[in-house]
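Here's a walk through how two chains meet and how each one is built. Have the viewer open while you read.

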2 protein chains.
Amino acid sequence: MQVTGGVAVDRWLINGRAGDSVPVDDRGLAYGDGLFETIAVRDGSCRFLDLHLDRLESGCKRLGIPLPSRTLLQAELRELIGAEVHGTVKIIVTRGTGPRGYQPPEDCAPLRALGLASSRPAKLAPARLRYCDTPLGRNPSLAGLKTLNRLEQVLARAEWDDPEVSEGLMLNDRQEVICGTRNNVFYTLADTLCTPRRDDGGVHGIMRAQVLRLAQEQGIPTSQRPTTRADLAAADDIFLTNALTGAWPVAELAGRSYGRSRVTEAVRAGLVKLGVGECAE
Amino acid sequence: MQVTGGVAVDRWLINGRAGDSVPVDDRGLAYGDGLFETIAVRDGSCRFLDLHLDRLESGCKRLGIPLPSRTLLQAELRELIGAEVHGTVKIIVTRGTGPRGYQPPEDCAPLRALGLASSRPAKLAPARLRYCDTPLGRNPSLAGLKTLNRLEQVLARAEWDDPEVSEGLMLNDRQEVICGTRNNVFYTLADTLCTPRRDDGGVHGIMRAQVLRLAQEQGIPTSQRPTTRADLAAADDIFLTNALTGAWPVAELAGRSYGRSRVTEAVRAGLVKLGVGECAE
């Protein structure tokens, strides 16, 4: 049960009203001055909603964007989802409209756009990965945030159109692997569950945090560390995480095949208990 | 005669029609998947229009966005400007709407939004600069492009609200000065006109290119080079360039005062002859 990418959004609530457009002078369009969340809807509810709203709140604070009320967002999400059972919700929050110029307006009225795609979960085969040539810039001021500045990911994803390739891994200029274009990456080395650190790039993934927490609860050693191609070549196994797919096993990267380690199986079983049905066999 | 920042856009042509909104699922909003140009309107015409359209064209090619027809853009700009004498035109080009997911759609219909602000040119005092704390990430895949990914500039510009500070300079993680939040920077060292290189950050400025060309024509040595705070502290003078202000002399940076060198005066005189009246005394 996993949701495939590339689904069109069926309906939007924009500042609380059904709609399909935003002002052309919104700073989200002009500068990418905002954030977004992508949330799995399972059995009619937003999975890990509190964690997504926590991240949105913390991102708004870092960018200095006044936070939309959590109660309001929750009510609008309920209205948006209605009787839908499975799907994907996207929340976009921007600093709103403003005059030309980078300076944030003193009194800004943030824009919130909530979109729902009523996609059905689908079964995904183990992932086949490639390395992308597009480097991921190191931006300590934006690291960890899910901002609307995503051109590097777009260029990286445009590098291949082979449908057999599931995802591409992105490296920074130090040749550290940071993440996939839309997934975080984990790997097992010497019975330790490892994942690239989040110092100056990548996103603080919701599923990534769940995986780290689960591993720690189960007594599995974890390490957030600089990660090289050699680390991944030496790993017992690799999996990808994102909010829609849980922990997605990797079958192949750079000519090597991977199985699944005991560590990964334990983490996946833990995720199933948390409602991530995509990890059930 | 210089245009101040922060002016509201008065009217827009969106895909050729008067309007004030764009689709909420436009990839410009979702990912910053697009480019923009800011152009000075002087005496009813877009200054250096061919150079702006050249840059837009080259940026679209690098991002793989189908190029809007130059003839169409020129006609729409004439319609937008109408009888306006002075002002600022903004052109936004995005990859258009698409389903969720970074992968560029195979058949994309780019969006073009042309906005006009009928601001009157205003006299600007010599600039007082600061250094920004927000680092500029190094992104070789985007360097030189005027993309819609501008959050770093927004965060840098949000660092001060003292109206006496005209602009902030941004450095990368190597402590190289790259640019201001909305200007390129030039300085004179040992009778050489220097400016930070454009290898992995900053924008290929239209006015920057004019200044380099003019200097070369006048036999002034130029150097595009890694630039440190020490270089600027040792410089004879500093000026800023952008499409709206020409070459803007700097009065102060980091506690030091600056005058104007012979080199800068020669460049400014050359710009006046090219129609950059803002550089006339």
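A:S21 sits opposite B:P23, a residue of β3(B). That pairing belongs to a strand-to-strand link across the two chains: β3 of chain A (residues 21-23) and β3(B) run antiparallel and share 3 bridges. Bear in mind that this is a predicted model.

**Where the chains meet**

How much area do chain B and chain A bury between them? About 4900 Å², with 64% of it on carbon and sulfur atoms. In residue terms, 63 residues of chain B are in contact with 63 residues of chain A.

On the polar side, the interface of chain B and chain A has 19 residue pairs in polar contact, counting pairs with both residues at pLDDT 80 or more. Which elements of chain B give two or more residues to the side that touches chain A? They are β1 (11-14), β3 (21-23), α1 (27-31), β4 (34-42), α2 (49-63), β6 (87-94) and α4 (151-157). The largest share comes from α4(B), with 6 residues. Sorted by class, that side of chain B has 28 nonpolar, 19 polar and 16 charged residues.

**Salt bridges**

Oppositely charged side chains can pair when their charged atoms come close.

| Residue with N | Residue with O | N to O distance |
|---|---|---|
| A:R138 | B:D173 | 2.6 Å |
| B:R42 | B:E278 | 2.6 Å |

Chain A has an open sheet of 6 strands, ordered β2-β1-β7-β6-β4-β5, with antiparallel pairing. Its edge strands are β2 (17-18) and β5 (45-46), each of which pairs on one side only. At the β5 end, β4 of chain A (residues 34-42) pairs with β5(A) in the antiparallel sense over 2 bridges, and there A:R42 stands opposite A:S45.

Two helices pack on this sheet. Helix α2 of chain A (residues 49-63) touches β4, β5 and β6 (87-94) of chain A, and its direction makes about 180 degrees with that of β4(A). Helix α3 of chain A (residues 70-81) touches β1 (11-14), β4, β5, β6 and β7 (111-117) of chain A, with its direction at about 30 degrees to that of β7(A).

**The sheet in chain B**

What order do the strands take in the open sheet of chain B? The 6 strands go β2-β1-β7-β6-β4-β5, again with antiparallel pairing. The edge strands in chain B are β2 (17-18) and β5 (45-46), each pairing on one side only. Further in, β6(B) and β7 of chain B (residues 111-117) run antiparallel and are joined by 7 bridges; along β7(B), B:A113 stands opposite B:I92.

As for helices, α2(B) packs on the sheet and touches β4, β5 and β6 of chain B, its direction making about 180 degrees with that of β4(B). Helix α3 of chain B (residues 70-81) lies across β1, β4, β5, β6 and β7 of chain B, running at about 30 degrees to β7(B).

How values were computed. Residues numbered from 1 in each chain as written. Chains lettered and ligands numbered in written order. Predicted model: local features only at pLDDT ≥ 70, side-chain atom pairs only at ≥ 80, totals over all residues. Heavy atoms only, no water. Contact = heavy atoms within 4.5 Å. Buried area = accessible area lost by both parts, 1.4 Å probe. Salt bridge = Lys/Arg side-chain N within 4 Å of Asp/Glu carboxyl O. Polar contact = N/O pair within 3.5 Å; in protein donor to acceptor, adjacent residues only side chain to side chain. Helix = DSSP H or I, 4+ residues; strand = E, 2+ residues; numbered from the N terminus. Nonpolar A, V, L, I, M, F, W, Y, C, P; charged D, E, K, R; others polar. Pairing = 2+ DSSP bridges. Axes fitted to C-alpha atoms, helices over the stretch in contact; angles between N-to-C directions.
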